[in-house]
Structure formats: C-alpha cells, structure tokens
Amino acid sequence: MECYLFFGFHLYGLHAADCIPHTISMDSSILLALLLALFIPIFLHLLTRFKNSSYNLPPGSLGFPFIGQSISFLRALRSNTDYQWFQGRIRKYGPVSKMWLFGSPAVLMAGPAANHFIFSNKDLLFTGTRSINVLTGRNILMLSGEELKQVRGALQNFLSPEMLIKCVSKIDEEVRRHVKVNWVGHKTVKVLPLAKRLTFDIICSVIFGQEAGSVREVLATDFQTMVKAALSIPVKIPFTRFSRGLSASQRIRKLLRGIARERETLLQQGHGASADDFFTYMLALRAGCAHSLTVEDIVDNAIFLLIAGYETTSVLITFMLWHLDKEPEVLGKITEEQDEIARNKGPEDALTWNDVSRMKYTWKVFTAQSVTHLDANIFPEPSNFDPARFENNSSIPPYCFVPFGGGPRMCPGNEFARTETLVTMHYLVTQFRWKMCCKEESYKKDPSPTPLLGLPIELEPRCLPENAHA
Ligand code: HEM
C-alpha cells in the first residue's frame, strides 16, 4: 500500500491552512507561550470548523485542535507501526480521509487508484506540513503554475543524464575519499551516520561546487537538526525540536544567502558563468531572465534539494547493507557483477557512466529494497526482501510500484540517486565483507527510517579481484 498525505485540503479548493498562523513568536515568557498555545488552537479550530462546514470534505476526524492526530502518528512512526496506523484509518474511514497533522489539515489517500489520480493530475498542488514549510521555505513543493514549470524545468536540466555523465567522476572521488578515511582500517563502523555524511558531502559538492569543502562542515550539524524538526508541532517554544530546527534553518539560510550574493556579484563581473554547480547554474539562468525566481527562492530550493538529495539515498544504502548481511546469495550475485567491472579498470581509474549502466542486477536489488508498498494483494508476502519479484516489471499492475513517484511531479533526482548509490556499493562490495554487530537491531521513522543503533557492523577487508582498482 502506498499512502499519500496532502496538507492543506488543496484538493477541495479549501485553503484551510491559510488560517493557521506561521510560528507563534513568544520569546518573552514561556507562560505566555503556553497560554497562547492553548487559546489560539481553540479559536482556530472554531474558525476552521465554521469555514469548512460548507465544503464537501472526505470523512475523518480532525482530532484535538491544532494537534489533531500528530501525537498518535508520531508514536506510530517511532514504533514503526505506521503501516498499521494507516490501515486503522482506512478501515474506519475508507481510502480517502481527512485529518490534522503537525499544524496543517491533511488528506490521506491510499491505493493504486489514488496513485493514478495523483500522478496524472498536473494541477495538484503538493505541500509539506506547516513545520516543513516554515523550516524549508518556499521550495518546489509549494509552487504551482508557471513558477513550478520554471523550477522543475531548471532542476530537470540540472539533474539530466548529460550533467550526470560529467558528475560521475565527482561522485567517485567523494566515495573513494570517504571509504579510505572512514572504512579502510576500521574493525567496526556505524553505517547510517557514515552514509548520511557521504551523501551530504556529495550533494553539497553538486550544489556548491568548488566551495563545498568549507560550506559542508558548517552545514552538516544544522541540517541534521533541521530534518529532525520536520515532523514536529510548529510552535516556537524554547528547547523544543521545532525551535531548535528553526534556529538551524535560519543559520543555514543566512549562510546560503551570503554565498548566493557572492556568486551573483561574480557573475555580474563576468566570472563563473561556466561553473556547473546548482547555485551558479540557477543564478546564471536568473541573470539571463530564463526564470523569475528571486535569490531567496533559489536559496529555498537549494535547501530542499540538499534534504531530498541526502536523506533518501543514505537510508537506501544503510538498509541495503542490512539486508545483504542476511542474503549471502544476493550479495554473491552483486559481487560478481561489481568484480567484473572492477577487473576492467586500472587502480586509479574512476567509474564512468558506462560502468554504472552495467550495474543492472545491483540496481534491481536496490529497487526491491526501497519498496514501501505493503499490499499483499499486489506483492505476496510484501515484507520479504525478494528482488526476484521485480525481474519481470510487466507483471506489476500500473500505479502499484512507485518508489520515485510518477507523472509530472516524479522525483527528478532518481538517476542521480541511482548513480551515487551504485558507485558507493561498488567500492563497499568489492573491498569489504560485513556482519551486523547487533542481530536484534530494529528501526523507527524519524522521519525517515532510522536503525535504532545506527547499524553498527564488523568489517573485514576483502581481497580485490586481480587488476581491480582500490
Ligand atoms: C532513493 C532515493 C530517492 C527516492 C526514493 C526519492 C523519492 C521521491 C519521491 C517519491 C518524490 C515525490 C514524487 C511524486 O510525488 O510523484 C520525490 C520528489 C523529489 N525528489 Fe526525490 N527521491 C530520491 C532521491 C532524490 C535525490 C538524490 C534528489 C536530488 C538530487 C531528489 C530530488 C527530488 C525533488 C527536487 C523532488 C520534488 C519534485 C517536485 O515536487 O516536482 N530526490 N522524490
């Protein structure tokens, strides 16, 4: 089952979210904050109920004012029972129901028919929770019409195969550096934090280009703090997750604004036009009037791209190593494919686009891993890790297997994700064998799937195939 949550009731022409304040700024006293936090939601709840009454909304309860179902949903995510939570609502209200999450009204839609409706409807406006919107600003998720067309067009060009072909050597260099520093010579490592740092460094080098080294050191911690606040109740009370996330987001924005201004000045002086980083690319398009985004819009979209580009792929790599520890046969087949590629390269040769295109079996296994589709009517024994079920894609009914979404809003970073994941797996599989330190490890969603212990593994160096690169 694939579930979609829409925030803001946009589907029904009712922008109920508009009547929720941004953050409530209450620096003077926590008591005042608490009083306001109590009073404002009740007032807003009455106001929204009054406003909503004339609309034909789907079934479902909006729950306690302002908080709605946030706490029970968070609890389900953290105990990894979100699937059961969704199922419970679907049993009670059907596949389409309304609710209130993290400060915003939301609509839950589930099943292939919902996927079809969502992917084929180009006028649908996606939006994050109120907390995500406040933290990440006015990014692609919140745009529609001409603005969306311009940003998507620019992103698709920027992440196109032509750009990726040039980018593979940059990704290769980054992966090798990480493996050498953080993996080689270590008896045990924690996979999740290393994978996060690796994918963060890669996406930073794509967004900031040459300056990435200094910028990413400053940004790394603030990004973790901001992402952790994505699923929190958006009330600015000191020492809460949301408040810490908001401060981190303000620091990130200030730094990125500074970089954007510097690059803009360089461009005006006739320098840097040939640079291939996201910032310079978007600013050069702006200078040539190819889009109407402001510098602030470019900063917001860079923040979103940083999050979209590192959280997802790092989780994919982590869970892949987890599954492969339990699947020696699948690991054997992947190793065969990767050794064959390594054998044809010199010790210092970087992987190329051509090499990545030959990693067909490895990618199939990854695709199986990223499945969140747990409907047993479509995928028998859906929680089993079974790459073979994707060998014949034509046997999967339409709109049932959509790890990267679909239609006009399909993930524009899918090829990029594929490339960095495969390059990383190439170096790990050819150089190491691993065993999980704790067989009992489980995971929660925070907001993305997170092994509770970070997935510590014991590493054993592996003899490389003859002639292979290190
Ligand atoms: C395993 C890795 C990834 C997965 C599973 C994934 C999945 C998704 C999904 C499901 C969507 C929503 C699509 C829809 O609603 O139809 C999305 C949107 C998006 N993704 Fe990814 N993604 C991944 C990696 C990346 C990377 C590496 C980047 C950037 C370099 C990226 C950039 C984006 C952007 C910009 C959007 C918003 C598109 C829009 O709203 O029009 N993603 N992704």
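Of the 24 residues around the ligand, G309, T312, G405, C411 and G413 come nearest; a residue is near a molecule if its C-beta atom, placed from the backbone, lies within 6 Å of it. The model is predicted: local features need pLDDT of at least 70, side-chain atom pairs count only at pLDDT 80 or more, and totals for chains, interfaces and linings use all residues. Residues are numbered from 1 along each chain as its sequence is written.

Helices here are DSSP runs (H or I, at least four residues), as are strands (E, at least two), numbered from the N terminus.

The largest share of the shell, six residues, comes from α12.

Helix α8 (residues 191-208) has 18 residues and spans 25 Å from first C-alpha to last, close to the 26 Å expected (1.5 Å times one less than the number of residues). Because 16 of its 18 residues are buried, α8 is largely enclosed by the rest of the structure; buried means that 20 or more other C-beta atoms, placed from the backbone, lie within 10 Å of the residue's own.

In strand β2 (residues 96-101), six of six residues are buried. V96, K98 and W100 point one way from β2, and S97, M99 and L101 the other way. Strand β3 (residues 104-110) runs antiparallel to β2, joined by six bridges; strands pair if DSSP finds at least two bridges between them. M99 has A106 of β3 as its bridge partner. Two residues lie between the strands of this hairpin, where F102 takes a positive phi near 45°.

Conventions. A residue is buried if 20 or more other C-beta atoms lie within 10 Å of its own, exposed if 12 or fewer, and partly exposed in between; C-beta atoms are placed from the backbone.
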